[in-house]
Amino acid sequence: MIVWLNGTFGAGKTTAAQELLDLLPGSTLYDPELLGSGLRLMLPAKRFEEIDDYQDLPAWRRLVVDTAAALLTEVPGPLITPMTLLRQEYRDEIFGALAARRIPVRHVLLHAEETILRARIAHRADAAEDTEATEAAASTRRWSLEHLGPYADALPWLQGDAHVVDTTRLTPRQTAERVAEAVRTGAGACDIVQTPEPTAETLAAGVLLFDDQDRVLLVDPTYKAGWEFPGGIVERGEAPVHAGVREVAEELGIELPRAPRLLVLDWEAPKPPGFGGMRLLYDGGTLTDDRISKLLLPGSELREWRFVTETEAEKMLPPVRWNRLRWALRAREQGCPLHLEAGVPVG
């Protein structure tokens, strides 16, 4: 298990983590910031000029999961992880990948009001003892203050996702005691669907559903970053079209009256760490307002659904999925399915 202590600078994550080591038997401190430092030494400097934060590196996000899994083969756990994580799509990617590894997460937000955070940040900087330490502290203070705005922006989703511990009037020990009690009672558990990571090429079936304005339905999974079509991996021995119908029923509570027709068959090239495979998109037809009003939203799998235009979809979908949707819409207009290889029509 991982106890993820989230919160911005000054919330008390590091000191609480140290205290938690005494309160949770077998626990080990796991600091993903060390992975960022390592990548900074190994990757070309130019790569870091292209990003604002090492969390923007896909390699860092993957290493966070892989390293946690490796550590849990060496220590009993839990891993205590004091790490600020403000971008929801990164939370989806990391926590979803941990769920796929069957590693449970307790997400705890250590929170304090901005005035308190500013006072703590200033106090930390003022405690520097020499010139070099003063300069480093000043740089850290600027960095910390710059993150107060993004933290405020992220607070609505953080408070809805994590168990909140207000550290305003708590000592580090008291904070750790609150967190330990929350862990013991199961608070902060991330109820994410456990989708196993593929070990080879996969076959996946998606279904496009439309409203009366011909907008297409996209869903926002909790277990991975980015918007997606309703659908999923075809199980062993299962017909692809039946998989698409099953996934729509499981995800959205929609029972399709008939087998949807094929729009696109696309071979997705392997791109490490992904294995690629065959992707099929079907036309699930137009939903009436009554059926739309009854759409379900299973919290363990989907966070949101939305009908969007083709132009809006381009801004929401990763390029590979957007290209597949673009060709699927053309196939729907023409009434003829298309065969793609790596997103390019063939034949």
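Predicted model: local features only at pLDDT ≥ 70, side-chain atom pairs only at ≥ 80, totals over all residues.
Local features need pLDDT of at least 70 and side-chain atom pairs count only at pLDDT 80 or more, while totals for chains, interfaces and linings use all residues. Residues are numbered from 1 along each chain as its sequence is written, and side-chain values use heavy atoms, with hydrogens and water left out.

**View 1. Salt bridge between E19 and R173.** The closest N and O atoms of this pair are 2.9 Å apart; a salt bridge is a side-chain nitrogen of Lys or Arg within 4 Å of a carboxyl oxygen of Asp or Glu. E19 sits in helix 1 (residues 13-23) and R173 in helix 9 (residues 172-185), 154 residues apart. Helices (H or I, at least four residues) and strands (E, at least two) are DSSP runs, numbered from the N terminus. E19 is partly exposed at 24% relative accessible area, as is R173 at 31%. Buried means under 20%, exposed over 50%, and partly exposed in between (1.4 Å probe, protein chains only).

**View 2. Salt bridge between R324 and E268.** The N to O distance is 2.8 Å. R324 belongs to helix 13 (residues 319-334) and E268 to strand 9 (residues 261-268), so the pair ties together parts 56 residues apart in sequence. R324 is buried at 5% relative accessibility, whereas E268 is partly exposed at 23%.

**View 3. Salt bridge between K294 and D290.** The closest N and O atoms lie 3.4 Å apart. K294 is exposed at 54%; D290 is partly exposed at 45%.

**View 4. Salt-bridge network that includes E238.** The linked residues are E235, E238, R246, E247 and E250. E238 lies in the loop between strand 8 (231-233) and helix 10 (240-252), and is buried at 19% relative accessibility.
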